[in-house]
Amino acid sequence: MTGVRGAARLHLVTGAAGFVANCLIGRLLAAGDAVVGFDNLSRGTLANIATFANAPAFAFQKLDVSDRAALADAFAAALAGHPDYSATVWHLAANSDIQAGVENPDIDLRDTFMTTFSTLDAMRRNGLRVLAFASTSAVYGPLTAKLREDIGPLFPISNYGAMKLASEAAISAAVEAHLERAWIFRFPNVVGSAATHGALYDFAGKLRRTPDKLEVLGDGNQQKAYLLVEELVDAMLFICAHAADRLNCFNIGPLDAGVTVRFLAEEMVRHAAPSAQIRYTGGDRGWVGDVPRFSYSVKKLRRLGWSPKTGSAGAVRAAVPVVWQESK
Ligand SMILES: NC(=O)c1ccc[n+]([C@@H]2O[C@H](COP(=O)([O-])OP(=O)(O)OC[C@H]3O[C@@H](n4cnc5c(N)ncnc54)[C@H](O)[C@@H]3O)[C@@H](O)[C@H]2O)c1
């Protein structure tokens with residue numbers, strides 16, 4: 001069943017069974033809107049959508065979003081049930097395992113780029129004209145300058161970052177051709193409930209298996225910006241409500257320069273397994289495509305009127321007990 005009926009505004013969400021979508025869909029439904037979600041469950045889980053499964057304003061279809069014909073049909077079916085052609089399409093489906101995409105570039109071609117291409121195609125075929133897209137700080141690659149949205153040229157160092165940048169380019173072309181408006185959000189590292197990946201998630205899983213030791217990739221000095229998922233979704237909704245150019249691109253992140261991976265490891269160990277020994281594998285990068293440090297500018301978003309309440313350290317501290325409790 002992919003149709004939702006009623007007078008509420010409609011949202012179509014790809015990657016609906018994933019981490020960020022879990023929080024986003026909760027917010028959209030709480031606002032009284034209707035949501036149809038799509039996911040192939042490659043990395044997301046049915047548990048992540050279980051809370052909405054019985055809501056009459058929510059419907060879910062298991063689907064490979066990179067399958068252009070199937071997605072166009074699915075959008076058409078959703079619109080048949082709820083003919084809101086001003087619906088926002090939230091394109092969140094992607095490969096979220098950067099290392100897997102380094103080992104097998106096909107994964108990012110299919111899940112990170114082709115899902116975008118297919119989403120744009122399905123929108124064009126169905127007369128849908130408003131897109132919100134989850135991009136990433138990984139598009140910036142290893143640049144050491146202050147990372148503002150208008151800096152360039154950009155040379156990502158992971159297939160994931162490359163396919164996200166290619167997605168941004170495809171969206172820019174679609175805005176010229178058939179979209180009325182698009183928002184591109186460049187996310188930092190996001191933490192919180194319903195996580196499906198990330199350093200905290202990995203640390204919690206490792207400590208469940210071996211509570212006396214924690215192996216950390218790299219030397220622990222990689223420094224990254226962290227944001228709570230609730231604040232990320234708050235920023236996305238704020239940008240959609242306030243940024244009215246045809247193509248809008250925003251970094252979303254905390255105001256600080258981030259915290260180290262060592263800080264994350266120590267916080268998780270302190271909470272979950274205080275006697276565990278932390279061992280660092282060494283090197284300034286945890287893996288090929290890992291960006292050891294970057295300086296993210298969120299000035300544009302602050303000028304628009306949004307700032308987070310929690311910094312990187314606070315976000316990590318708040319997420320640690322949640323991620324640990326949800327880990328297996
Ligand atoms: N969480 C972060 O720290 C972070 C940082 C930067 C960008 N992002 C981006 O935000 C979006 C959401 O990320 P997330 O953290 O929720 O990741 P996630 O892996 O939890 O969610 C992505 C979802 O997309 C689905 N998916 C992947 N390929 C698909 C396909 N071909 N067809 C259908 N579904 C498919 C997965 O099953 C998963 O449920 C992604 O686009 C991600 O690249 C996330």
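What percentage of the 328 residues in the protein chain is buried? In this predicted model, buried residues account for 49% of the chain. The secondary structure consists of ten helices and 13 strands. Along the principal axes, the C-alpha atoms occupy a box of roughly 55 × 45 × 40 Å. The radius of gyration of the protein chain is 19 Å, which agrees with the value near 20 Å that a compact globule of 328 residues would have. Among contacts between residues at least 6 apart in sequence, 82% connect residues at least 24 apart.

The chain is divided into two parts, domain 1 (10-190 + 227-251) and domain 2 (192-225 + 256-293 + 310-326). The centres of domain 1 and domain 2, taken over C-alpha atoms, are separated by 26 Å. Contact between the domains involves 25 residues from domain 1 and 16 residues from domain 2. On the side of domain 1 that touches domain 2, at least two residues are supplied by each of α1 (19-30), α3 (98-103), β7 (189-191), β10 (226-228) and α7 (229-242). This side of domain 1 is made up of twelve nonpolar, nine polar and four charged residues.

The ligand is surrounded by 30 residues, of which Gly15, Gly18, Gly44, Ala94 and Ser96 are the closest. Two or more residues of this shell come from each of α1, α4 (105-126), β5 (130-136) and β7. The shell around the ligand comprises twelve nonpolar, 13 polar and five charged residues. Because domain 1 and domain 2 both give residues to the shell, the ligand lies between them.

In soluble globular proteins, nonpolar side chains tend to be buried together. The largest nonpolar core of the model contains 104 residues, and those with the most contacts inside this core are Val20, Phe185, Val191, Leu200, Leu232 and Met268. Both domains give residues to this core, so the core lies between domain 1 and domain 2. Val191, one of the residues with the most contacts inside the core, is in contact with Gly198, Leu200, Tyr226, Leu228, Val229, Ala315, Val316 and Ala319, when neighbours within four places in sequence are left aside.

Leu200 is also one of the buried residues of helix α6 (residues 199-209), together with Ala199, Asp202, Phe203, Ala204 and Leu207. The elements covering the buried residues of α6 include β7, β8 (213-216), α8 (261-272) and α10 (312-326).

Two further residues illustrate local packing. Phe19 is located in helix α1 and counts as buried, because 25 C-beta neighbours lie inside 10 Å and the cut-off for a buried residue is 20 or more. Apart from residues up to four places away in sequence, Phe19 touches Ala194, Ala195, Thr196 and Val229. The C-alpha atoms of Phe19 and Glu266 are separated by 24 Å, and these residues are 247 residues apart along the chain.

Ile252 is placed in the loop between β11 (247-251) and β12 (259-260). Ile252 and Ala225 are 27 residues apart in sequence, with a C-alpha to C-alpha distance of 10.0 Å.

Definitions and conventions. Residues numbered from 1 in each chain as written. Predicted model: local features only at pLDDT ≥ 70, side-chain atom pairs only at ≥ 80, totals over all residues. Helix = DSSP H or I, 4+ residues; strand = E, 2+ residues; numbered from the N terminus. Rg over C-alpha atoms; globule rule 2.2 N^0.38 Å. Buried ≥ 20, exposed ≤ 12 C-beta atoms within 10 Å, placed from the backbone. Contact = placed C-beta atoms within 7 Å. Domains from an automatic or database assignment. Nonpolar A, V, L, I, M, F, W, Y, C, P; charged D, E, K, R; others polar. Near = placed C-beta within 6 Å. Core = buried A, V, L, I, M, F, W, Y, C linked by C-beta atoms within 7 Å.
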